[in-house]
Amino acid sequence: MHSIQRRELLIQGSATLVAIAALSRRAYAFPTRAGEEIVPWLDQPTENPNPEGIKTQLVWEDLDSWITPNDKFFSISHFNRPTIDEKTWSMEIEGLVKKPLKLSLADIKARPRKEVVFTVECSGNHGFPFFTGGIGNARWAGTPLAPILEEAGVLEKGIEVVFFGTDESEVAIRDVKMKQNFARSMSLADAMSPDNLLCYEMNGAALPAPNGSPLRLIAPGWYGIANVKWLKRIEVRDTRFMSLLMARDYVTIREEDHNGETVWAETSVGRALLKSAPAKVTKKGADYAIVGAAWGAPIDRVEVQIDQAPWAQATIDHSEEAEHAWKIWSLPWANPSQGEHTVTSRAISTTGQIQPAMDDPLIAKKHTYWESNGQVTRRVKIV
């Protein structure tokens, strides 16, 4: 009996230790060190001139988890911020479909549920000195969009899927004023991606109002502008959709060289681009480290440059990762000298694409602030 009890105790004890070790790995999966201090960046964002439109931003020095908590997730509104009663809310699927649908929130929640971890970035992030935290990583849950479009039965002529939000505003185009809902579109082929969700849940909780309650589109791999919030209608059309936020705004204007001739190109903001950014510098005793994130494409590696020193490869944290989520990276910084330093990061994709420097023609010849994926440089002072 004694030996049996001892054996059970050993087994239970071993299991407990394994569980504690697993929890410890999860708790400290993010590259942090107990007792470390954060060395603040010298170049802090300037005052936000539009606190109603941009209510929340990520504070990079506060980045301490792979998942961004709901209350710290950035929130942007281009028009009004609607108040919606989810009990009476419904969404229509119409246009070039065989069977138009009208779905309540309960109807949508009754359908198969799917989760995706996706890092959403506003395409204007780092495009303004006051807007450097338009990014966050969340676990989104909802039902896949494609089966609903299949159920509605898209007609052969249907090529474009338009997503309309409840938020609206009066828009002036030349001498015409019109009420316009927020609307974005994508091709039918893109809309049918199995990754796209009609999302009603964020990080295990009901979708918060600032992030699109009761329902929003989550389109992994696309900039935030395409992930329409406060959904009210989905319409299938036979022509490309040209609205304020598709053809006149959220358009990148860039000079391109064609056989020695400068050609001005205008392209609508769509899929997210390869990018990384230093998040913070930490100090523990005399040991310093740099932590950051990389996203926008499958990441092979991240390199960091301090001042004008050679690029050094950072270590990517693989303890928590997902296909459409950012990678968290870190780099030890040995014996930094006192005074000001610059810290720059660049991401390299699995296909060999390198995040462009600020003097790269892709960035230097861009005349709009959208799709600002140039290398991010931060300044810090070591005392």
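**Notes on the predicted model**

1. The side chain of His324 makes a polar contact with the side chain of Asp195, at 3.2 Å. A polar contact is a pair of N or O atoms within 3.5 Å; within protein, one must be able to donate a hydrogen and the other to accept it, and residues adjacent in sequence count only if both atoms are side-chain atoms. His324 sits in the loop between strand 20 (315-317) and strand 21 (327-333). Leaving aside neighbours within four places in sequence, His324 is in contact (heavy atoms within 4.5 Å) with Val116, Val117, Phe118, Thr119, Asp195, Pro220 and Gly221.

2. A word on the basis. This is a predicted model: local features need pLDDT of at least 70, side-chain atom pairs count only at pLDDT 80 or more, and totals for chains, interfaces and linings use all residues. Residues are numbered from 1 along each chain as its sequence is written, and side-chain values use heavy atoms, with hydrogens and water left out. Helices (H or I, at least four residues) and strands (E, at least two) are DSSP runs, numbered from the N terminus.

3. Which residues of helix 3 (residues 145-152) are buried? They are Leu145, Ala146, Ile148, Leu149 and Ala152. Seen down the axis of helix 3, these buried residues fall within an arc of 165°, so they line one face of the helix. The arc is that of the directions from the helix axis to the C-beta atoms. Buried means under 20% relative accessible area, exposed over 50%, partly exposed in between (1.4 Å probe, protein chains only). Just after helix 3, Gly153 takes a positive phi of about 75°.

4. Next, the cores. A nonpolar core is a set of buried Ala, Val, Leu, Ile, Met, Phe, Trp, Tyr and Cys residues joined through side-chain atoms within 4.5 Å. The largest has 56 residues; Met91, Ile93, Trp140, Phe163 and Ile234 touch the most other members. Strand 10 (residues 197-202) gives this core its largest share, 5 residues. Apart from it lies another core, of 20 residues, among them Trp41, Leu274, Leu331 and Val380.

5. How many disulfides does a search of the whole structure find? The count is 0, where a disulfide is a pair of cysteine sulfur atoms within 2.5 Å. Cys122 is in no disulfide; the nearest cysteine sulfur, that of Cys199, is 18 Å away. That is too far for a bond. Cys122 counts as buried, at 8% relative accessibility. Cys199 is buried too, at 0%.

6. Last, the aromatics. The structure holds 11 aromatic pairs. Rings of Phe, Tyr and Trp (its six-membered ring) pair if their centres lie within 6.5 Å; planes under 30 degrees apart count as stacked, over 60 as edge-to-face and the rest as tilted. Phe128 and Tyr369 form a tilted pair, 4.2 Å centre to centre with 45° between the planes. This pair links distant parts of the chain, 241 residues apart. Phe128 is partly exposed at 23% relative accessibility, and Tyr369 is partly exposed at 35%.

7. Tyr250 and Trp370 form a stacked pair, 3.9 Å centre to centre with 20° between the planes. This pair also links distant parts of the chain, 120 residues apart. Tyr250 is buried, with a relative accessible area of 3%, and Trp370 is buried at 8%. Phe128, Phe130, Tyr250, Tyr369 and Trp370 form one aromatic cluster.
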